[in-house]
Amino acid sequence: MRRRQKPPLPKRHGLDPARLRLPEEGTWATIRDHLVERLPRVPAARIDELLAAGGIVDLDGPIAPDAPYLPGGAVWFHRDLPQETDVPFEITIVHRDDTLLVVDKPHFLSTIPRGQHILQTALVRLRRELELPDLIPAHRLDRATAGLVLFVIDPARRGAYQTLFHRRRVHKRYEAIARYDPALTLPRTVRSRIIKERNILQALEVDGEPNAETLVELVEHRDGLGRYRLTPHTGRTHQLRLHMNGLGIPILGDDFYPELTDRAVDDFTRPLQLLATTLEFTDPITREDRRFATTRSLQAWTDPDGWAG
């Protein structure tokens, strides 16, 4: 396996610097000229500032503002961070040893940096708060979904745990709160074909061979609401939300299904009532059976008036 090149800049805010490889072919006179064309969203004046401050480097150190273009080389720099709204909820540690960290992620917190969510993500928060610069997630949860996420502390072993998830050897269960429909026969296994197109927020169920499967069970019901156990046998984008919506009982607080609604990034009310409750697997290193359970509950069930308000 090819070893990843170590960045010549240290992490900042728990984040590695960005790396840009310089194309083998090109007509740019300087590295600066290439960066201005390569990074159209970054003002040329900002690139000049970074160069003047020594903030853009190669393996030999800071790049001069007039450094000639070097085909096939690479440069590193730290991207400017977006303005973010603090997510006012804590991450709960469920388990920690020398290899693994299992946490309960709150609603509204992304697992990894993406788009407008960088510092306010579980990965960056945990790297900084626990002083674990090499921490990496073995899988992900949607920003809207709360519950268990497994991170790998030991870089040498991250591949073994990530492979467990890729090969679907981790048994995951979720809990959801939705409308109770007495006419709906449960339990049942829902199968459909789900596709997710790039740059489109919603996933779609389409005709064709099923590629997504979920066991849906009703645990209990009261006052028109049901508490459901969801066991996915595949891991398609928004699978649980789509399958519940397809049954006519969309999960409470869902801003995507059945209709896409525009929620402000600082609106932390009425969270999606979906919770990753258990993770079970045979440890690929120790061969012992592992089981982790959430410490959280869903507010629409325990405090429906508080959730609705």
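Which residues form a positive surface patch? In this predicted model, the patch is made up of Arg-114, Arg-140, Lys-196 and Arg-198. One of these, Lys-196, sits in the loop that runs between strand E10 (188–195) and strand E11 (204–206). Its relative accessibility is 38%, so Lys-196 counts as partly exposed.

Turning to the aromatic side chains, the count comes to 6 aromatic pairs. A pair of aromatic rings is described by the distance of the centres and the angle of the planes. For Trp-28 and Tyr-69, the ring centres are 5.1 Å apart and the planes meet at 50 degrees, so this pair is tilted. Trp-28 comes from the loop between strand E1 (18–21) and helix H1 (31–38), while Tyr-69 comes from the loop between strand E3 (61–62) and strand E4 (74–77), so the pair ties together parts that are 41 residues apart in sequence. Tyr-69 has a relative accessible area of 11%, which puts it under the 20% cut-off, so it is buried.

Another pair, Phe-108 with Phe-268, is edge-to-face, with 70 degrees between the planes and 5.4 Å from centre to centre. Here too, distant parts of the chain are linked: Phe-108 belongs to the loop between strand E6 (100–105) and helix H3 (122–129), and Phe-268 to the loop between helix H5 (239–246) and strand E14 (274–282), 160 residues apart. With a relative accessible area of 6%, Phe-108 is buried.

Notes:
Residues numbered from 1 in each chain as written. Predicted model: local features only at pLDDT ≥ 70, side-chain atom pairs only at ≥ 80, totals over all residues. Heavy atoms only, no water. Patch = residues over 30% accessible without salt bridge, like charges linked within 9 Å, V, L, I, M, F, W, Y side chains within 5 Å. Areas by Shrake-Rupley, 256 points an atom, 1.4 Å probe, with all protein chains shown as cover. Salt bridge = Lys/Arg side-chain N within 4 Å of Asp/Glu carboxyl O. Lys, Arg positive; Asp, Glu negative; His and termini not counted. Charge placed at Lys NZ, Arg CZ, Asp CG, Glu CD. Helix = DSSP H or I, 4+ residues; strand = E, 2+ residues; numbered from the N terminus. Buried < 20%, exposed > 50% of the residue type's maximum accessible area, 1.4 Å probe, protein only. Phe/Tyr/Trp six-rings, centres within 6.5 Å; stacked < 30°, edge-to-face > 60°.
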